[in-house]
Amino acid sequence: MKGVFFIRSLLCDLLMYILMALIGILGMPYALWSRKKAYDVIRFYCKSVFFVLKYCAGITIEFKGKIPNEPCLICAKHQSFLDVMMLASVLPDYRFIMKHQLTYLPVIGFYARKTGTVAVNRSKKVGTVNKMMTSLNDETGRQTIVYPQGTRVLPYEYRPYKVGAGLIYKNLNLKCYLVATNTGMFWARRSLFRYPGTAVIEFIGVLDEGLELNNFMAIAERKIEDASLKLMNEVSIR
């Protein structure tokens, strides 16, 4: 059975990258017109990949909870490139906070810059936070997505939440939507396998602005980790 999963996974990855090149490059002239049109191209790509995952790997996607349509901070569990695409496919006016290396990638970098992604250089500690906050304050009325653990995390792996998410929350002074996921159960970090099942993004609640920093961090971590654990425990890999 592992061999079948592996072959299906390779096919999925091949089609995903072919679609990225075709849709991403052909969509660039359209995306240049406006951020809204860039979002249109990104959503079309994401839905194309979801189609491939469904019919090649048996992965379906599901959203739970209230999807925000207002300016806010979104603190999300990050297990896979799949949860990135899922958020990008439904949020109306988002920008990611991501490591700066990704903004130099072909296709991905173009759309990251077009949608106002805030790039963070982790190797440069001095001034990094201030530079990030300045970039965030350039457009405050948007949806800012941050991964508080700072990287993709394997299912059931624990990594501490970084205080940067709390500093962003305090700086933006916006509501924070918390997001749990189980995507790593089907498409794990650095794994060549894509397993069938239902990948879920769940908006589990909202924290109002104005919480004390340590209180915000503790509540966000507990709620996101508990909800993600529940989603993972409901998975049965066939």
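Setting aside neighbours within four places in sequence, Gln79 is in contact with Arg152, Val153, Pro155, Thr181, Asn182, Thr183, Gly184, Met185, Trp187, Ala188, Arg189 and Met232. Contact here means heavy atoms within 4.5 Å.

A word on what you are looking at. This is a predicted model, where local features need pLDDT of at least 70, side-chain atom pairs count only at pLDDT 80 or more, and totals for chains, interfaces and linings use all residues. Residues are numbered from 1 along each chain as its sequence is written, and side-chain values use heavy atoms, with hydrogens and water left out.

Back to Gln79. Where is Gln79 placed? In the loop between strand E2 (72–76) and helix H4 (81–90). Helices (H or I, at least four residues) and strands (E, at least two) are DSSP runs, numbered from the N terminus.

Is Gln79 buried or exposed? Gln79 is buried, because its relative accessible area is 0%. The cut-offs are these: buried is under 20% relative accessible area, exposed is over 50%, and partly exposed is in between, with a 1.4 Å probe and protein chains only.

Now the side chain of Gln79. A polar atom of that side chain lies 3.3 Å from the backbone nitrogen of Thr183. The side chain also reaches the backbone nitrogen of Gly184, at 2.8 Å. These are polar contacts: pairs of N or O atoms within 3.5 Å; within protein, one must be able to donate a hydrogen and the other to accept it, and residues adjacent in sequence count only if both atoms are side-chain atoms. One more distance: Gln79 and Glu225 are 146 residues apart along the chain, with C-alpha atoms separated by 12 Å.

Thr181 was on the Gln79 list. Thr181 also meets Ser228. A polar atom of the Ser228 side chain lies 3.3 Å from the backbone nitrogen of Thr181. Ser228 sits in helix H8 (residues 213–233). Ser228 is buried, with a relative accessible area of 0%. Not counting residues up to four places away in sequence, Ser228 touches Lys77, Ala180 and Thr181.

Next, the whole chain. How many helices and strands are there? Eight helices and seven strands. The radius of gyration is 18 Å, close to the 18 Å that the globule rule gives for 238 residues, so the chain is as compact as a globular protein of that length. That radius is taken over C-alpha atoms, and the rule is 2.2 Å times the number of residues to the power 0.38. Along its principal axes, the C-alpha trace spans about 50 × 45 × 35 Å. Buried residues make up 50% of the 238. Take contacts between residues at least 6 apart in sequence: 77% of them join residues at least 24 apart.

Two backbone angles to finish. In general, most residues other than glycine have a negative phi. Val107 is not a glycine, yet its phi is positive, about 70 degrees. Val107 is in the loop between strand E3 (94–99) and helix H5 (108–114). Val107 counts as buried, at 14% relative accessibility.

Tyr156 also has a positive phi, near 70 degrees. Tyr156 is found in the loop between strand E5 (143–146) and helix H7 (164–172). Tyr156 is partly exposed, with a relative accessible area of 48%.
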